[in-house]
Amino acid sequence: MISQDIIISLSISIAICFLVPIGSFIYFTIKDKKVPKSFIVGSLVFFISQILIRIPILTYILPNMIWFIKLSNNPYLYGIFLGLTAGIFEEVGRFIAFKYILKKNNRWIDGISYGFGHGGIEALLITGISCLNLLVACIMINNGSFDALISSSSTVTGQTLYNQCINLTSTSALLGGIERIFAMIIHIGLSLIVLYGVRNRKIIYLLVAILIHTLVNAPIVILPQLFNVGTIGLEIYIFICALVLGVFILYSKKLYKKEINF
């Protein structure tokens with residue numbers, strides 16, 4: 001049996017992953033009719049850069065290459081590689097979007113909206129759907145219908161899902177959703193950095209965003225493998241990153257207001 005605490009925690013994570021993006025989109029739509037365009041473009045850039053391009057390359061192409069196999073055996077290099085490629089694909093995507101697609105959407109609020117769209121679709125696709133699958137599986141385990149699911153589908157897939165459910169804790173289930181909040185804050189901060197660079201025609205801000213993205217992502221791979229940092233430790237690290245970028249988000253509003261074309 002799966003405890004009610006786990007089911008409640010999964011439900012909260014699902015609510016965060018689905019309702020925060022949807023709620024923010026509704027808010028921006030009501031606030032300013034021009035702002036939702038940034039949200040939609042942000043969602044599309046993440047979907048194209050990660051779901052359609054980077055993740056398939058990492059999953060289906062690079063594992064067949066000897067250099068990548070050797071690289072993946074070195075936690076430092078592998079973590080830096082994953083962080084750097086995520087930074088390049090996503091930040092260059094932001095840069096292209098702000099420079100060519102969102103020329104008239106270059107206000108502070110547009111950067112906020114873009115970040116919510118970018119981080120929101122990531123939360124929905126990466127964590128939200130995964131948590132929803134786990135929730136359904138947990139409920140089916142509790143009501144005894146999960147065995148029928150295994151018999152009608154891949155035994156390996158069913159067993160894997162079953163193992164995930166029985167090994168799940170209420171803390172880990174809840175942290176999935178909380179982490180997405182931290183990630184959205186990070187995406188908003190990075191969006192404002194890239195947008196500021198586009199507004200001021202300074203490519204250095206794109207490079208800064210790529211560096212920050214790498215510094216945020218790389219330790220997520222490195223810390224567990226080399227320093228045995230657990231889930232809580234990683235979440236604390238991500239929280240610190242979100243806190244730093246959150247402070248920048250608040251400061252950046254004054255930064256944008258200093259410009260004549262705000």
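Arginine 107 is partly exposed, with a relative accessible area of 23%. Here buried means under 20% relative accessible area, exposed means over 50%, and partly exposed lies in between (1.4 Å probe, protein chains only). This is a predicted model, where local features need pLDDT of at least 70, side-chain atom pairs count only at pLDDT 80 or more, and totals for chains, interfaces and linings use all residues. Residues are numbered from 1 along each chain as its sequence is written, and side-chain values use heavy atoms, with hydrogens and water left out.

Now look at the partner of arginine 107. Its side chain meets that of aspartate 110 in a salt bridge, 3.0 Å from N to O. A salt bridge is a side-chain nitrogen of Lys or Arg within 4 Å of a carboxyl oxygen of Asp or Glu. Aspartate 110 is buried, at 0% relative accessible area. Salt bridges that share partners also bring in Asp32, so that Asp32, Arg107 and Asp110 form one network. The whole structure holds five salt bridges.

Move on to arginine 180. Its side chain forms a salt bridge with glutamate 122, again with the N to O distance given as 3.0 Å. Glutamate 122 lies in helix H5 and arginine 180 in helix H8, so the pair ties together parts that are 58 residues apart in sequence. Helices (H or I, at least four residues) are DSSP runs, numbered from the N terminus. Glutamate 122 counts as buried, at 14% relative accessibility. Arginine 180 is buried too, at 9%. Arginine 180 also meets glutamate 179 in a salt bridge, at 2.9 Å from N to O.

These residues lead to a pocket. Rolling a probe the size of a water molecule over the atoms shows where empty space is left. On a 1 Å grid over the protein atoms alone, a pocket is an open set of points where a 1.4 Å probe fits, with protein on both sides within 12 Å along at least five of seven lines. Lining residues have an atom within 4 Å of a point. The largest pocket is lined by 25 residues, and Glu122, Glu179, Arg180, Asn217 and Ile220 lie nearest its centre. Helices H2, H4, H5, H8, H9 and H10 each give two or more residues to this lining. H8 gives the largest share, six residues. The volume is about 610 Å³. By class, the lining has 14 nonpolar, five polar and six charged residues.

Next comes the second largest pocket, with about 300 Å³ of space. Its lining has 15 residues, and nearest its centre lie Thr127, Ser172, Leu175, Gly176 and Glu179. H5, H8 and H10 each supply at least two lining residues. Here too H8 has the largest share, with six residues.

Finish on the surface. Ile232, Ile236, Phe239, Ile240, Leu243, Val244 and Val247 form a nonpolar patch, with about 650 Å² of accessible area together. Such a patch is made of residues with over 30% relative accessible area and no salt bridge, with nonpolar side chains (Val, Leu, Ile, Met, Phe, Trp, Tyr) joined within 5 Å. Valine 244 sits in helix H10. Valine 244 counts as exposed, at 54% relative accessibility.

Definitions and conventions
Points joined across faces, edges and corners; volume = space filled by probe spheres on them. Nonpolar A, V, L, I, M, F, W, Y, C, P; charged D, E, K, R; others polar. Patch = residues over 30% accessible without salt bridge, like charges linked within 9 Å, V, L, I, M, F, W, Y side chains within 5 Å. Areas by Shrake-Rupley, 256 points an atom, 1.4 Å probe, with all protein chains shown as cover.
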